[in-house]
Amino acid sequence: MSTIPLILDVDTGVDDAVAILYALANPQFEILGISTVAGNQTLDKTTHNTLAVLEYLGRPEIPVAAGAAAPWMQPLHTAPQVHGENGLGNVELPAPTIRPQPEDAVGCMRRWIESCDRPVTIAAVGPLTNIALLLKSCPNLKSRIERIAIMGGGAFRGNASPVSEFNIYVDPEAARMVFASGVPLLMCGLDVTMKAYATKEDIDAFAAIGNRAGQMCADIFRFYYDFHMSGVRGKLPGCAIHDAVPVMALIHPELFHGEDAYVEVDLDGVYTRGCTAADFRDRGRLADKNTHVILDLDRETFIRQLQDAAARLC
């Protein structure tokens with residue numbers, strides 16, 4: 001079976017940790033490395049969390065490279081109210097003994113891509129700062145990237161603002177560059193990820209798996225679930241596991257429904273900065289379609305996939 005060479009670009013909070021878990025548990029992925037970026041929390045915390053998750057789940061050999069500590073042109077916005085002060089729902093995993101690569105994220109991603117004998121897929125589930133820096137500094141690598149699967153944006157909704165999703169809002173200049181790059185894009189925004197939620201019963205089922213991976217999911221979900229139940233951004237039946245969506249969509253597209261669109265990131269609007277304006281029209285469209293936008297999923301199967309993945313790990 002042919003595998004997908006994969007780079008994960010993460011700002012490891014609760015849902016990033018589950019996205020990493022899902023990738024680790026599926027042999028369809030050949031994980032070349034993981035790069036970290038500031039977003040859900042500061043770079044030191046997102047890098048620490050990534051290393052801790054890998055070691056806790058028994059995969060310390062996967063290289064981790066620390067990337068951008070701030071967006072290009074604005075102060076960093078983090079989300080401790082969503083992910084906790086440590087980024088993992090205030091759950092303290094054992095301190096990692098592994099360390100990040102001495103080279104920064106862009107240098108490592110370049111090396112991982114250049115050394116791979118096949119086009120590489122990138123799953124970018126945080127702000128797109130690292131990815132934009134890679135594409136800007138190494139435009140020759142675009143032809144060696146199969147596609148970029150993004151957790152970010154929203155065709156019809158926002159959360160950081162009425163129309164802007166958090167990952168795009170944190171660094172909209174970087175996001176605009178990525179969407180204009182010409183690299184094939186898969187956008188899994190709030191339209192679909194807010195439907196990818198875990199209920200209290202689902203969380204209890206993770207704990208009932210009875211291994212470290214299942215218990216980690218259950219533990220880190222508690223704080224996250226309470227935030228979602230608070231109704232701060234509109235009450236859901238559970239907590240949205242945003243970042244696992246693009247990773248799963250890469251190997252199980254049959255669970256998802258989407259449409260092609262031209263997506264542009266707005267930088268200029270007083271109320272719309274960071275909006276991913278998605279033009280689905282066939283007539284009068286602003287420009288050629290550049291993104292496959294996922295809009296719906298089979299939630300029950302999505303959750304079972306995550307639980308089965310946790311059960312396959314330690």
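Trainee: Where is the place of Asn90?

Mentor: Asn90 belongs to a loop; helices (H or I, at least four residues) and strands (E, at least two) are DSSP runs, numbered from the N terminus. The loop that holds Asn90 runs between α3 (80-83) and α4 (105-115).

Trainee: What kind of model am I looking at?

Mentor: Residues are numbered from 1 along each chain as its sequence is written, and side-chain values use heavy atoms, with hydrogens and water left out. Local features need pLDDT of at least 70, side-chain atom pairs count only at pLDDT 80 or more, and totals for chains, interfaces and linings use all residues, since this is a predicted model.

Trainee: What is the phi of Asn90?

Mentor: Most residues other than glycine have a negative phi. Asn90 is not a glycine, yet its phi is positive, at about 65°.

Trainee: What is the relative accessible area of Asn90?

Mentor: Buried means under 20% relative accessible area, exposed over 50%, and partly exposed in between (1.4 Å probe, protein chains only). Asn90 counts as partly exposed because its relative accessible area is 40%.

Trainee: How many aromatic pairs does a search of the whole structure find?

Mentor: Rings of Phe, Tyr and Trp (its six-membered ring) pair if their centres lie within 6.5 Å; planes under 30 degrees apart are stacked, over 60 edge-to-face, the rest tilted. By searching the whole structure, we find this number of aromatic pairs: 2.

Trainee: Which residue forms a stacked pair with Phe156?

Mentor: The two ring centres are 6.0 Å apart, with 15° between the planes. The pair links parts of the chain 124 residues apart, from the loop between β5 (145-151) and α6 (166-170) to the loop between β10 (276-279) and β11 (291-297). Phe156 is exposed, at 62% relative accessible area. Its stacked partner is Phe280.

Trainee: And how are the planes of Phe206 and Phe221 arranged, stacked or edge-to-face?

Mentor: This pair joins helix α9 (residues 200-208), with Phe206, to helix α10 (residues 212-229), with Phe221, 15 residues apart. Both Phe206 and Phe221 are buried. The ring centres are 5.6 Å apart and the planes stand at 65°, so the pair is edge-to-face.

Trainee: How do α9 and α10 run, roughly parallel or roughly antiparallel?

Mentor: Axes are lines fitted to C-alpha atoms, for helices over the stretch in contact, with angles from 0 to 180 degrees between N-to-C directions. The axes of α9 and α10 come within 7 Å and cross at roughly 150°. Under 35 degrees is roughly parallel, over 145 roughly antiparallel, 65 to 115 roughly perpendicular and the rest oblique. The angle therefore makes α9 and α10 roughly antiparallel.

Trainee: Which residues in α12 does α9 meet?

Mentor: The axes of α9 and helix α12 (residues 299-312) come within 10 Å and cross at roughly 20°, so these helices are roughly parallel. On the α9 side, Asp202, Ala205 and Phe206 take part (contact means heavy atoms within 4.5 Å). In α12 they meet Arg299, Ile303, Leu306, Gln307 and Ala310.

Trainee: How far apart in space are Pro5 and Cys116?

Mentor: Pro5 lies in strand β1 (residues 4-10) and is buried, with a relative accessible area of 4%. Beyond its neighbours within four places in sequence, its contacts include Glu30, Leu32 and Cys116. Pro5 and Cys116 are 111 residues apart in sequence, but their C-alpha to C-alpha separation is 7.7 Å.
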